[in-house]
Amino acid sequence: NGPETQWNYEFVPNANLSHPKAAIIAAEYTKNYFAKNPNDFSAPLGVNDTTDFDRSSVSEGWYRERPVRTDYLIKFLNRVAQEKWRPEDSSPRAIGTLAYLQTQRAPSISAHPDIFPLICADRMGYANRDFANADTENLVAWKKSGVKRLGVYDYWHGSSQCIPRINFTAQSLAIKTANEIGVSAWTAEMGPLWAFDAPKAWIGAKLLIDPT
């Protein structure tokens, strides 16, 4: 529309990942990413922050009141993993992706070991036993999918809440559970109101050092 147009690519509809050239283009992008970021372990190659998918992607069921398109994503990433995506050096690398929104549920197909998913969930929900059990089952299923490494992506936002959003028991249980399952990477969005939320960061850091 013009040079002044500003795109927020997080919300652009997802591309047709089943296109014959999609994996080739993605592999080239990944290799170039590592060339520009040689110290990074994984390259970001997942879905956008949107629920809009190409018409070639049909729903594979329902999970947490959303359609599921995890197999669609994993089939694409499996194809990328078979292409020449690695840099020339011998450093260990991975194809990173967020398991997010419609790709949160574990796949029903095998995933290539080089795929490195971070499973997104608001694990303050571990205050609810049913939620905790469901998320645990999903993490275990992801672990069994064939990936070599598994991560979790959490949400500890506080500044957007009308009352202090603090539950140390839920935080502790979520991190301990992830550790027991074999999760090797952890990150969270904080969005803090520091007067209330600083202890979240403190206890989170302590638990990551020693989950017990």
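This passage describes the fold, the overall dimensions and selected residues of a predicted single-chain model.

Because the model is predicted, local features are considered only at a pLDDT of at least 70 and side-chain atom pairs only at pLDDT 80 or more, whereas totals for chains, interfaces and linings use all residues. Residues are numbered from 1 along each chain as its sequence is written, and side-chain values use heavy atoms, with hydrogens and water left out.

The secondary structure of the chain comprises five helices and seven strands, where helices (H or I, at least four residues) and strands (E, at least two) are DSSP runs numbered from the N terminus. Read from the N terminus, these elements follow the order α-β-β-β-α-β-β-α-β-α-β-α. The C-alpha trace spans about 50 × 40 × 40 Å along its principal axes. The radius of gyration of the chain is 18 Å, which agrees with the value near 17 Å that a compact globule of 212 residues would have; this radius is taken over C-alpha atoms, and the globule rule is 2.2 Å times the number of residues to the power 0.38.

Of the 212 residues, 42% are buried, a class defined by a relative accessible area under 20%, with exposed meaning over 50% and partly exposed lying in between (1.4 Å probe, protein chains only). Among the contacts with a separation of 6 or more, 74% are made by residues 24 or more positions apart, contact meaning heavy atoms within 4.5 Å. The accessible surface of the chain amounts to about 11900 Å², and 54% of this surface belongs to carbon and sulfur atoms; accessible areas come from the Shrake-Rupley method with a 1.4 Å probe, and for residues only the protein chains shown count as cover. The chain carries 23 positive and 23 negative charges, whose mean positions are 5 Å apart. In this count Lys and Arg are positive and Asp and Glu negative, while His and the chain ends are not counted, and each charge is placed at NZ of Lys, CZ of Arg, CG of Asp or CD of Glu.

R165 is situated in the loop between β6 (151-155) and α4 (168-181) and is classed as buried because its relative accessible area is 18%. Apart from neighbours within four places in sequence, R165 is in contact with D122, M124, Y155, W156, H157, D197 and K200. A polar atom of the R165 side chain lies 3.4 Å from the backbone oxygen of Y155.

Two residues other than glycine have a positive phi. R64, with a phi of about 50°, belongs to the loop between β2 (62-63) and β3 (66-67) and counts as partly exposed because its relative accessibility is 27%. L101, with phi near 55°, occupies the loop between β4 (94-99) and β5 (115-120), and its relative accessible area of 17% places L101 in the buried class.

E65 also lies in the loop between β2 and β3, where it counts as exposed at 76% relative accessibility. A195, located in helix α5 (residues 194-209), is exposed, with a relative accessible area of 73%. A195 and A185 are ten residues apart in sequence, and their C-alpha atoms are 27 Å apart.

Methods. A polar contact is a pair of N or O atoms within 3.5 Å; within protein, one must be able to donate a hydrogen and the other to accept it, and residues adjacent in sequence count only if both atoms are side-chain atoms.
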